[in-house]
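Reader: I am new to this structure. Could you walk me through it?

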Amino acid sequence: MLQKILLIMAAGSVGTLARYSLAGWAQRMAGAGFPWGTFVVNMVGCFTVGLLWALFERRWAIPAETQTIVLVGFMGAFTTFSSYILESGLMLRTADWTGAVVYIGLQNIIGIAALMAGLAVANVLWEA
């Protein structure tokens, strides 16, 4: 178990550096005014998770533990948006329409509400 955790941490470190590098490069190329760096990372992450998912499922006989290290460690650090899209895609793929709509709706609505609540709490604390 410790080895698995250490491998996930190492993969996460590489994923974080990849995110930082790609986002910075994309933002420099596109310029200010829109968060292109984050957008590019999220779209590359979604594409890569889809590609890996298909390859793990259909082509590559890779142990589940290794898949976890790649998907949770590297990809989770690269972009959690890809995890959200993967989970949504799994629900859609299995025709769990209600679950998918609820999950997508809750992620977005509650996510924005949580952001606003965090900002409000920070403002209260900052002014105190």
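Reader: Welcome me in, please: within what distance do the axes of helix 2 and helix 4 come?

Author: This is a predicted model, where local features need pLDDT of at least 70, side-chain atom pairs count only at pLDDT 80 or more, and totals for chains, interfaces and linings use all residues. Residues are numbered from 1 along each chain as its sequence is written, and side-chain values use heavy atoms, leaving out hydrogens and water. Helices are DSSP runs (H or I, at least four residues) numbered from the N terminus, and axes are lines fitted to C-alpha atoms over the stretch in contact, with angles from 0 to 180 degrees between N-to-C directions. Helix 2 (residues 36-58) and helix 4 (residues 80-93) cross at roughly 50 degrees, and their axes come within 9 Å.

Reader: Is helix 2 roughly parallel, roughly antiparallel, roughly perpendicular or oblique to helix 4?

Author: Angles under 35 degrees count as roughly parallel, over 145 as roughly antiparallel, 65 to 115 as roughly perpendicular and the rest as oblique. The crossing is at roughly 50 degrees, so helix 2 and helix 4 are oblique.

Reader: Which residues of helix 4 make the contact with helix 2?

Author: Contact means heavy atoms within 4.5 Å. Helix 2 contributes Asn42, Met43, Gly45, Cys46, Val49, Trp53, Glu57 and Arg58. From helix 4 come Phe81, Ser82, Ile85, Leu86, Gly89, Leu90 and Arg93.

Reader: And at what angle do helix 1 and helix 3 cross?

Author: Helix 3 spans 64-78, and helix 1 covers residues 2-30. Their axes come within 6 Å and cross at roughly 35 degrees.

Key. Helix = DSSP H or I, 4+ residues; strand = E, 2+ residues; numbered from the N terminus.
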